[in-house]
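I opened my notebook to keep track of what I looked up today.

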Amino acid sequence: MFLLFFCVWLILNGRVTAEICILGLVIAALLFYFICRFLDYSIKKEILMFRLAPWLVRYFWVLVEEIAKANLSVLKLILSPDVEPEPALVYFTSGLQTGAAKVILADSITLTPGTITVSVEGDRFCVHCLDWEFAEGMEASVFVTYLEEMERICLKMWPQKADGTAQKAAAKSAEGSGR
């Protein structure tokens with residue numbers, strides 16, 4: 001965020017001089033301090049964003065590719081007069097732990113033409129597909145693979161940031177054993 005604040009400052013000024021850079025660094029530092037102090041941000045989150053940046057770029061690229069492929073499949077389905085679509089509701093579990101990863105997966109599925117995420121309950125997804133062929137391999141899709149890897153990176157830095165199921169299970173077993 002610090003770098004983003006500084007870059008926005010430079011863009012809004014329209015020129016780069018020593019005075020503008022020094023003032024920009026001071027303002028960016030003050031803004032960064034403010035968000036760390038009052039908006040639950042930290043240096044750790046900044047480092048995490050730098051670690052995730054390559055994964056996010058790759059994920060975005062894969063999403064664009066999948067949208068293009070799905071557009072062609074839907075177009076083929078629409079323009080083929082002898083092919084009848086066979087809609088299907090597909091249920092699958094993703095294995096994703098964080099709420100953010102589940103939301104990103106649900107949004108990615110919905111953005112892909114021919115599929116709509118109907119519901120997400122826990123780690124169980126319900127997806128409506130325009131044709132049953134669109135449903136094949138959904139639980140092991142490239143989206144799930146990338147999101148699981150990004151979750152591993154996040155959970156290395158913040159092991160407690162999962163949905164809390166591991167902590168709840170550990171607390172429950174501790175209660176049951178009398179500890």
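Below are my entries, grouped by topic.

**Before anything else.** I reminded myself that this is a predicted model.

**Entry: aromatic rings.** I searched the whole structure for ring pairs and got 6 aromatic pairs. I started with F34 and F38, which form a tilted pair with 5.2 Å centre to centre and 45° between the planes. F38 has a relative accessible area of 52%, and the cut-off for exposed is over 50%, so F38 counts as exposed.

Next I looked at Y59 and F143. This is another tilted pair, 5.7 Å centre to centre with 50° between the planes. Which parts of the chain does the pair tie together? Y59 is in helix α3 (residues 43-79) and F143 is in helix α5 (residues 142-157), so the pair links parts that are 84 residues apart in sequence. Are Y59 and F143 buried or exposed? I found that Y59 is buried, and F143 is buried too.

I also noted a cluster: F2, F32 and Y41 are linked by ring pairs.

**Entry: a charge over a ring.** I then checked what the charged end of R58 is doing. It sits over the ring of W55, 4.5 Å from the ring's centre.

**Entry: salt bridges.** How many salt bridges did the count come to? I got 2 salt bridges.

One of them joins the side chains of E66 and K69, with 3.4 Å from N to O. These two are 3 residues apart in helix α3, so about one helical turn lies between them.

R152 is partly exposed at 46% relative accessibility, and E149 is partly exposed with a relative accessible area of 23%.

**Entry: K102.** I found K102 in helix α4 (residues 99-111). Is K102 buried or exposed? Its relative accessibility is 10%, and buried means under 20%, so K102 counts as buried. I then looked for what its side chain meets: a polar atom of the K102 side chain lies 3.2 Å from the backbone oxygen of G122.

Entry: Which residues make up the nonpolar patch on the surface? I wrote down M1, L4, V8 and L12, with about 380 Å² of accessible area together. L4 is partly exposed, with a relative accessible area of 46%.

C7 lies in helix α1 as well, and I have it down as partly exposed with a relative accessible area of 37%. Last, I checked C7 against L25: they are 18 residues apart along the chain, and their C-alpha atoms are separated by 9.7 Å.

Terms used:
Residues are numbered from 1 along each chain as its sequence is written. This is a predicted model: local features need pLDDT of at least 70, side-chain atom pairs count only at pLDDT 80 or more; totals for chains, interfaces and linings use all residues. Side-chain values use heavy atoms; hydrogens and water are left out. Helices (H or I, at least four residues) and strands (E, at least two) are DSSP runs, numbered from the N terminus. Buried means under 20% relative accessible area, exposed over 50%, partly exposed in between (1.4 Å probe, protein chains only). A polar contact is a pair of N or O atoms within 3.5 Å; within protein, one must be able to donate a hydrogen and the other to accept it, and residues adjacent in sequence count only if both atoms are side-chain atoms. Patches are made of residues with over 30% relative accessible area and no salt bridge: like charges are joined within 9 Å, nonpolar side chains (Val, Leu, Ile, Met, Phe, Trp, Tyr) within 5 Å. Accessible areas come from the Shrake-Rupley method with a 1.4 Å probe; for residues, only the protein chains shown count as cover. A salt bridge is a side-chain nitrogen of Lys or Arg within 4 Å of a carboxyl oxygen of Asp or Glu. Rings of Phe, Tyr and Trp (its six-membered ring) pair if their centres lie within 6.5 Å; planes under 30 degrees apart count as stacked, over 60 as edge-to-face and the rest as tilted. A charge sits over a ring if NZ of Lys or CZ of Arg is within 6 Å of the ring centre and within 35 degrees of the ring normal.
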